[in-house]
Amino acid sequence: MNAIARLIKGDRSRKTRFHTSNGYLCLHPAEFLRAFATTIARIGTKKYSYAPWLVYSATAHIAPLVSGRRIFEFGSGMSTLWFAERCREVISVESNPEWYSDIVAHTRKRDNVQMIYEDSKPEYLAAISQAGGKFDIILIDGLYRRDCVELVRSHLNPNGMAIVDNTDADRDLSKTVKNLFGDSQILPFHGWAPGILHPNETTVVQNIPI
């Protein structure tokens, strides 16, 4: 198999490398080049893009909406650093000890970030209740995503936002989002993301009534 064929070839979940797992063809040259460059940097030099690992168009959509907000993350990462520069408060629960330690090291000097390490499902899911109060935005990009989605509404401020990553890879997750938020604005974004050499889907749910 030549280099071009290897580049285009998909896997069990997608038709080609340019398709999301739920079949959307993503031909965005500029996005692809950004994803390619950040993937090479991640693999070759262990340097990570300081941007959420969400679809680029989803990040562009939420960027003007996050200033001064209080956010909870199920799953920490580059998004934690990105939100910390823009949001009033970021609370993030992480289940991977190495990733947790790395993000703690990067946010140690930030007063608006609280990191929580939990490696059991009950404690991981309970972290949002333990954090206290309501949130303006909840990001779901870690473990137990369907369970996390079911917790969103009870922990949001009125007209809050949920961001659910990789809804293309799990049909049940996508169905759960649609079933729970039929009264809200559901915006699926398809495309490329930092550090990942295939397109994904990030779903933003906004104007969620309480």
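For the charge count used here, Lys and Arg are positive and Asp and Glu negative, while His and the chain ends are left out. Each charge is placed at NZ of Lys, CZ of Arg, CG of Asp or CD of Glu. On that basis the protein has 25 positive and 22 negative charges, and their mean positions sit 7 Å apart.

A word on the model comes next. It is a predicted one, in which local features need pLDDT of at least 70 and side-chain atom pairs count only at pLDDT 80 or more, whereas totals for chains, interfaces and linings use all residues. Residues are numbered from 1 along each chain as its sequence is written, and side-chain values use heavy atoms, with hydrogens and water left out.

Overall, the protein is built from eight helices and nine strands (DSSP runs numbered from the N terminus, with helices being H or I of at least four residues and strands E of at least two). Its radius of gyration is 17 Å, close to the 17 Å from the globule rule for 210 residues, so the protein is as compact as a globular protein of that length; the radius is taken over C-alpha atoms, and the rule is 2.2 Å times the number of residues to the power 0.38. Along the principal axes, the C-alpha atoms fill a box of roughly 55 × 40 × 35 Å.

Of the 210 residues, 46% are buried (under 20% relative accessible area, with exposed meaning over 50% and partly exposed in between, using a 1.4 Å probe and protein chains only). Take contacts (heavy atoms within 4.5 Å) between residues at least 6 apart in sequence: 59% of them link residues at least 24 apart.

Strand E4 (residues 89-94) has five of its six residues buried, so the rest of the structure largely encloses it. E4 pairs with strand E3 (residues 70-74) in the parallel sense, over five bridges; pairing takes at least two bridges found by DSSP. Here Phe74 stands opposite Val93 of E4.

Thr20 belongs to the loop between strand E2 (14-16) and helix H2 (29-45). With a relative accessible area of 1%, Thr20 is buried. Beyond its neighbours within four places in sequence, Thr20 touches Arg14, Cys26, Asp168, His190, Pro199 and Asn200.

Two asparagines have a positive phi. Asn166, though not a glycine, has a phi of about 60°, and its place is the loop between strand E7 (156-165) and helix H8 (171-180). Asn207 likewise has a positive phi, near 60°, but is part of strand E9 (residues 196-208). Asn207 is partly exposed, at 42% relative accessibility.
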